[in-house]
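Please consider the two-chain structure shown below, together with its sequence. The paragraphs that follow take up its parts in turn.

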Amino acid sequence: MTKKTQPVIELKKVWKTYYMGKVSLDVLKGINLVINKGEFVVIVGPSGSGKSTMMNQVGVLDVPTSGTIYLNDIDISTLSESDLAQLRGKTIGFVFQQFNLIPTLTALENVTLPTIFQNVSEKERLEKAEALLRMVDLGERMNHKPNELSGGQQQRVAIARALVNDPEIILADEPTGNLDSKSGQQVMDFLSKLHSQKHKTIILVTHDLELVRYAQKVVFLKDGEIVRIKHGHGKK
Amino acid sequence: MIIDYFKIPVKEIRRRKLRSWLTLIGIFIGIAAIISLITLGQGLENAIEQQFSALGKDKLFILPKGGFFGMGSSEQLTSDDLEIIQKTSGVKLATGMGYAFARYEFNDLVHYGFISGISTDPEERALVGEAQTWKVGEGRNVRKGDKFKIVLGYEHSQNNIFEKRVELGDKMLIQDREFNVIGFLEKIGSPPDDQAGFIPLEAYEEVFNAKDELGFIIAQTHAGDDPLVVAEDMEKELRDDHRLDEGDEDFEIQTPEQFAEAFGVVLDMVQIVLIGIASIALLVGGIGIMNTMYTAVLQRTREIGIMKAIGARNEHILYLFLVESGLYGFFGGLIGIVLGIGFAKLVELAFVIAVGPAFLSIKIDWMLVIGTLIFSFLIGVLSGVAPARRASKLNPVDSLRYE
């Protein structure tokens with residue numbers, strides 16, 4: 001580990017507070033976290049630990065109540081909502097527990113969707129999307145709609161979609177949560193391969209301690225605070 | 001790039017077919033109504049213009065004030081008036097006509113219809129025929145020396161007005177006086193005209209006890225004279241004779257052009273009112289689109305969240321929804337145009353069957369079609385602005401959590 005580390009996402013004293021009438025609830029309490037380029041990070045915690053809120057902050061889907069988040073050294077609070085969306089689309093690929101594919105679009109169209117928002121040319125985006133679908137073994141299912149695919153297949157479409165803009169970071173929120181163990185294993189294999197072969201930064205948010213073994217860095221979250229950061233080997 | 005902003009909305013529109021159709025109905029009813037009204041209005045205006053120009057622009061019609069061809073007015077014109085008109089400079093020929101509602105009896109059945117008393121002088125008779133746009137089709141016209149002879153409208157020779165065809169040479173009672181049927185006219189196209197009868201003016205005066213009472217006078221001007229100038233002179237002469245001030249005339253002089261214009265004005269007014277009503281339908285249609293789009297934003301909240309998460313800018317979401325609502329307008333407009341023109345064509349067909357060809361001809365005005373398509377697309381876009389703005393401003397985190 002002599003290689004010089006380069007932070008891609010940095011959270012500094014991040015607080016997230018939700019207000020329900022007069023009651024306020026601090027969900028994240030002063031989080032400090034650095035995620036370096038090429039790292040495989042697992043954020044783990046029981047339900048109610050603030051995991052989902054954490055993932056929204058790390059994925060710059062939301063802005064903190066206080067504190068600063070840097071994405072590639074850019075303070076995201078300086079960006080407009082739209083500019084942040086576009087930067088997010090270019091830098092981070094999302095894989096969700098619920099797959100979150102657009103039901104009216106085919107697998108291929110779902111995969112190309114993020115490129116439309118980045119103004120990629122038609123030819124280039126089709127080439128990329130087709131190559132990615134073949135990579136996740138769905139070359140034969142390109143024109144199927146999500147409801148014609150199994151859960152595992154849908155999640156692989158989602159992985160292809162996450163990769164289509166060639167982002168540095170893949171953020172996966174309980175990606176195996178809705179899958180049987182075989183499909184879940186397949187998904188984890190893909191993520192692991194993306195890390196080892198394509199040198200992607202992988203951030204995995206889960207409650208499943210089983211998945212901790214993939215991590216180089218494990219962040220334990222409890223009651224909105226990081227209770228421990230453990231450095232692992234990143235092996236299976 | 002732009003094509004993508006059409007592909008996704010088209011899929012959405014097709015996904016919920018029933019709702020899409022219901023939304024489209026709102027728009028296409030309005031558009032169909034407007035298109036058919038405009039198209040029919042144009043057709044009618046052309047038809048009226050043609051009819052009046054067929055009369056010839058050299059004709060003047062002199063009527064008692066307040067009546068229409070002598071009906072509904074206590075005033076009548078007299079043979080003195082006819083003489084004055086004949087003497088007005090620029091007048092080539094003038095003829096007086098009686099016009100009344102009469103009791104027709106034939107085959108022991110009674111029918112009421114219009115009847116005209118016309119001159120038996122060949123030249124004057126020709127002028128009447130020309131000005132009234134009719135021709136004798138079967139038998140002959142009234143001529144000098146005829147008295148209780150009648151020429152009947154086309155329908156008498158065709159339809160069973162009296163449960164029996166009237167034949168040439170048959171006898172018919174008009175106001176209980178016996179007339180000999182000597183001819184039938186060719187089809188004119190309006191049922192009242194085609195059921196009417198024409199008798200010598202002399203017989204008319206006797207039967208209706210209307211000596212020296214003319215329903216109206218037709219004058220023909222010389223080719224070189226401006227009918228409007230002649231009409232002005234004529235008006236002055238008649239006014240002086242009746243000892244009336246300007247503005248108090250008990251008669252009216254009309255030219256075919258004035259007729260056409262008057263009809264045109266009435267037609268325009270009717271059209272404006274009807275199109276106004278149709279526009280309300282369109283407004284309701286627009287509100288229907290707005291409602292559909294608000295529902296769509298709610299139903300697709302999660303998808304909006306997904307798109308934002310994977311990099312959609314607010315504008316991208318805005319465009320997607322605006323295009324979708326615009327497409328509702330566009331397709332509604334397209335269906336409306338087809339239905340509207342179809343309806344106008346049906347009316348044209350009905351006219352052809354009832355009146356004969358070449359009265360009302362419906363032409364497709366491509367500028368109107370293109371204009372309407374753009375207009376209906378814009379109505380859709382406009383109706384979608386508020387829902388699309390709401391969609392574009394949704395927060396990605398909340399939207400992703402939306403079930």
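What radius of gyration would a compact globule of 403 residues have, and what radius of gyration does chain B have? The model is a predicted one, and the values discussed here are computed from it. For a compact globule of 403 residues the radius of gyration would be near 22 Å, but that of chain B is 32 Å. The C-alpha trace of chain B spans about 100 × 50 × 35 Å along its principal axes. Chain B contains 13 helices and 10 strands, and 41% of its 403 residues count as buried. If one takes the contacts in chain B between residues at least 6 apart in sequence, 82% of them join residues at least 24 apart.

Chain A may be described in the same terms. Its secondary structure comprises 6 helices and 10 strands. Chain A has a radius of gyration of 18 Å, close to the 18 Å that the globule rule gives for 236 residues, so it is as compact as a globular protein of that length. Along the principal axes, the C-alpha trace of chain A spans about 50 × 40 × 40 Å. Of its 236 residues, 48% count as buried. Among the contacts in chain A between residues at least 6 apart in sequence, 68% join residues at least 24 apart.

When its neighbours within four places in sequence are left aside, Ala160(A) is in contact with Val111(A), Ala129(A), Leu132(A), Leu133(A) and Val136(A).

How do the two chains meet? At their interface, 22 residues of chain A are in contact with 18 residues of chain B. On the side of chain A that touches chain B, α2 (81-91) and α3 (107-116) of chain A each supply at least two residues. The largest share of that side, 7 residues, comes from α2(A). Sorted by class, the side of chain A that touches chain B has 9 nonpolar, 8 polar and 5 charged residues.

Within chain B, a pair of helices deserves attention. Two packed helices are described by the angle between their axes and the distance between the axes. The axes of helix α9 (residues 256-299) of chain B and helix α11 (residues 314-355) of chain B come within 10 Å and cross at roughly 145 degrees. The crossing in which α9(B) passes α11(B) is right-handed. On one side of this contact stand Gly285(B), Ile289(B), Thr292(B), Met293(B) and Val297(B) of α9(B), which meet Phe321(B), Ser325(B), Tyr328(B), Gly329(B) and Gly332(B) of α11(B). By class, the contact of α9(B) with α11(B) has 5 nonpolar, 5 polar and no charged residues.

Another helix of chain B, α7 (residues 201-207), holds Glu206(B). Glu206(B) has 17 other C-beta atoms within 10 Å, so it is partly exposed. Its C-alpha atom is separated by 88 Å from that of Ile304(B), which lies 98 residues apart from Glu206(B) along the chain.

Some individual loop residues complete the picture. Asp137(A) lies in the loop between α4 (122-135) and α5 (151-163) of chain A. Although Asp137(A) is not a glycine, it has a positive phi of about 60 degrees. Asp137(A) counts as exposed because it has 12 C-beta neighbours inside 10 Å. In chain B, Asn107(B) is placed in the loop between β2 (91-106) and β3 (109-118). Asn107(B), a residue other than glycine, also has a positive phi, near 55 degrees. With 14 C-beta neighbours inside 10 Å, Asn107(B) counts as partly exposed.

Which residues are in contact with Pro103(A), leaving aside its neighbours within four places in sequence? They are Lys145(A), Pro146(A) and Asn147(A). Pro103(A) belongs to the loop between β6 (92-95) and α3 of chain A. Pro103(A) and Asn147(A) are 44 residues apart in sequence, and their C-alpha atoms are 7.1 Å apart in space. Pro103(A) is partly exposed because 13 other C-beta atoms lie within 10 Å.

Notes: Residues numbered from 1 in each chain as written. Chains lettered and ligands numbered in written order. Predicted model: local features only at pLDDT ≥ 70, side-chain atom pairs only at ≥ 80, totals over all residues. Contact = placed C-beta atoms within 7 Å. Helix = DSSP H or I, 4+ residues; strand = E, 2+ residues; numbered from the N terminus. Nonpolar A, V, L, I, M, F, W, Y, C, P; charged D, E, K, R; others polar. Rg over C-alpha atoms; globule rule 2.2 N^0.38 Å. Buried ≥ 20, exposed ≤ 12 C-beta atoms within 10 Å, placed from the backbone. Axes fitted to C-alpha atoms, helices over the stretch in contact; angles between N-to-C directions. Left-handed = near helix turned anticlockwise from the far one by under 90°.
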